[in-house]
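The following questions and answers guide a first reading of a protein model.

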Amino acid sequence: MAKIQNNVQNKRKIKKFFRYLPVCLLLVSIVTLGFLHFLNVLPFNYFLLIAFVFLLFDGLMFYLILGHGWKKRLLGTILSFVKMIAMFVLLLFSFDTFDFLDKIKSDNYKTENYSVIVLKGSSYDKIKTLKNQTIGLLKGDDDQGLVLAKEHLEKKVTGQYVEKEDLDGLVEALVSKKVEAILIEDSEKSILEEEHEEFLGLEKVVYQFSLDIPIQDDLVKQVDITTHPFNVFISGIDSYGKISSVSRSDVNMVLTINPTTNKVLVTSIPRDYYVKLHGIDTQYKDKLTHAGIHGIDTSVKTVEDLLEIDINYYVKINFTSLVTLVDKLGGIDVTLDKPFRAFYDEDGTIVNYSFKKGKNHLNGKQALAFARERKSLARGDVARAEHQQLIIEGLFDKILSKNIITKYSDLLNALEGKFVTNMGTQNITTLVKYQIKNNPSWTIETNTLVGIDSSQYTYSYKRKKSYVMEPDVKSLDYAKNLIRSLAQS
């Protein structure tokens, strides 16, 4: 009797299972479709097609599971679980995409990193030991970051503050012991280490701090990026870590994208191009790389002035971004006309890489060394800019390849927090939909500005002439015409 009752109960449970399974399948389909619609990365006709296939499949499962015959029910059950697993994977991809898009932001602030430096042989070892001592800093009443840095330091230690006109004046005051310490932003410290070699080895850092400085981001110039050409400025800063940190911009590229002809023009500007920095009232020009010290807005507007164009959007990356991105993509391929050697500083250890003529497969560290090397190249900064273009092409090829789906989540995780852009989520999803719908084959053209090697005074370092590249007028005019031509074709 008990056995009969158990059989009856088991049959009831099986009937409930077959009754509720199609309902669960339908609910999962509705949730998945709802999330895909909310994500807004699929063209509408693609979304409708997916919805139709989902509902058609669910209808078939209802027929099999609720119909007569164990074979049909078993087939329907297996297919239902297969579909639910597939939708679960799809939801994971969707959640990753949503999380990634949600965290995309522009630089509405910049991070300035300050150091308090004393002479290496001095007895000062902590910020408190500088109490009532003389501290030097750059003159800059109109520099919000420097004003805030001084206020921060005054709360930490009382002392007498002496302002100097330039970086050399700061170093001279420290070496001659007219001041016991100097306050300096790390990007300016990097300029000192590059231009004032004797400064290396003299300094000892006793205190460091960072400040987030709000900036006015009015740089966006919106266009319909599926029907109108637009320009994107790529800024690669020479630092690791926090992407919002101000730093020299070693990579300066303008991508001119024409969605109607599926053409991309990559215009590279050498880092040492001698230009007028936008918004800085001075008789001195400066290296383009130093525009990054003043923020991404200064870099963008300086390049706009130089090329006489509107830059619609920007993307800012750093060394960490490139290394991680290339590694997560499984490496990239570049093709060289001639071999060269590059050097990579890995935690104080110099690693030597050799790149052969022809095809080279690069991992993240190799890609960074490839993109940064210039001293071993006969054409110096111009050749480096061309190598950076090859890196961009390699990234394009990998990201747009069919195999990217297997690395999709890793790619999003690699990019998260590694770049900032003012394109906005809507523009990015519009681009994704455009690529999915049209699957265009992009043609990439490259151009590198050239100039004349020279030695000039710069705004960032006024006491001593530095190496700069004075723009070649013909090269500059050619670049302007090339951008206009692609935008109008």
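Q: How many helices and strands are there in the chain?
A: The model shown here is a predicted one. Both kinds of element occur in the chain, and they are counted separately. The count comes to 13 helices and 19 strands.

Q: What percentage of the residues of the chain count as buried?
A: A residue counts as buried when its relative accessible area is under 20%. The chain has 489 residues. Of these, the buried share is 47%.

Q: What share of the contacts with a separation of 6 or more comes from residues 24 or more positions apart?
A: A contact here means heavy atoms within 4.5 Å. Among contacts in the chain with a separation of 6 or more, those between residues 24 or more positions apart account for 73%.

Q: At what angle do the axes of helix 9 and helix 10 cross?
A: Helix 9 covers residues 364-372, and helix 10 covers residues 380-399. Their axes come within 7 Å. The crossing angle is roughly 145 degrees.

Q: How do the residues of the contact of helix 9 with helix 10 divide into nonpolar, polar and charged?
A: Helix 9 contributes Ala-367, Phe-370, Ala-371 and Arg-372. Helix 10 contributes Arg-384, His-387, Gln-388, Leu-390 and Ile-391. Together they divide into five nonpolar, two polar and two charged.

Q: Which elements do the buried residues of helix 6 pack against?
A: Helix 6 spans residues 186-195, and its buried residues are Ser-187, Lys-189, Ile-191, Leu-192 and Glu-195. The helices and strands that these buried residues pack against are helix 5, strand 1, strand 4, strand 5, strand 10 and strand 19.

Q: Which residues make the nonpolar surface patch of about 420 Å²?
A: One of its members, Leu-49, is found in helix 2, which runs over residues 44-66. Leu-49 counts as exposed because its relative accessible area is 53%, and the cut-off for exposed is over 50%. The patch is made by Leu-49, Phe-52, Val-53 and Leu-56.

Q: Is Lys-177 buried or exposed?
A: Lys-177 lies in the loop between helix 5 and strand 4. Its phi is near 65 degrees, a positive value in a residue other than glycine. Its relative accessibility is 59%, so Lys-177 counts as exposed.

Q: Is Asn-262 buried or exposed?
A: Asn-262 is found in the loop between strand 7 and strand 8. It has a positive phi of about 60 degrees although it is not a glycine. Its relative accessible area is 18%, so Asn-262 is buried.

Q: How far apart are the closest N and O atoms of Arg-271 and Asp-250?
A: Side chains of opposite charge can pair when their charged atoms come close. Arg-271 and Asp-250 form a salt bridge; Arg-271 is in the loop between strand 8 and strand 9, and Asp-250 is in strand 7, 21 residues apart. Arg-271 is buried at 3% relative accessible area, and Asp-250 is buried at 9%. The closest N and O atoms are apart by 2.8 Å.

Q: Where is Asp-272, which meets Lys-287 in a salt bridge?
A: The side chains of Lys-287 and Asp-272 meet at 3.9 Å, N to O. Lys-287 is buried, with a relative accessible area of 3%, and Asp-272 is buried, with 1%. Lys-287 is in strand 10, 15 residues apart from Asp-272, which is in the loop between strand 8 and strand 9.

Q: Which residues are linked in a network of salt bridges?
A: By the rule of a nitrogen-to-oxygen distance within 4 Å, the count of salt bridges comes to 13. Some of the residues involved are linked in a network: Asp-250, Arg-271, Asp-272, Lys-287 and Arg-374.

Methods: Residues are numbered from 1 along each chain as its sequence is written. This is a predicted model: local features need pLDDT of at least 70, side-chain atom pairs count only at pLDDT 80 or more; totals for chains, interfaces and linings use all residues. Side-chain values use heavy atoms; hydrogens and water are left out. Axes are lines fitted to C-alpha atoms, for helices over the stretch in contact, and angles run from 0 to 180 degrees between N-to-C directions. Helices (H or I, at least four residues) and strands (E, at least two) are DSSP runs, numbered from the N terminus. Ala, Val, Leu, Ile, Met, Phe, Trp, Tyr, Cys and Pro count as nonpolar, Asp, Glu, Lys and Arg as charged, and the others, Gly among them, as polar. Buried means under 20% relative accessible area, exposed over 50%, partly exposed in between (1.4 Å probe, protein chains only). Patches are made of residues with over 30% relative accessible area and no salt bridge: like charges are joined within 9 Å, nonpolar side chains (Val, Leu, Ile, Met, Phe, Trp, Tyr) within 5 Å. Accessible areas come from the Shrake-Rupley method with a 1.4 Å probe; for residues, only the protein chains shown count as cover.
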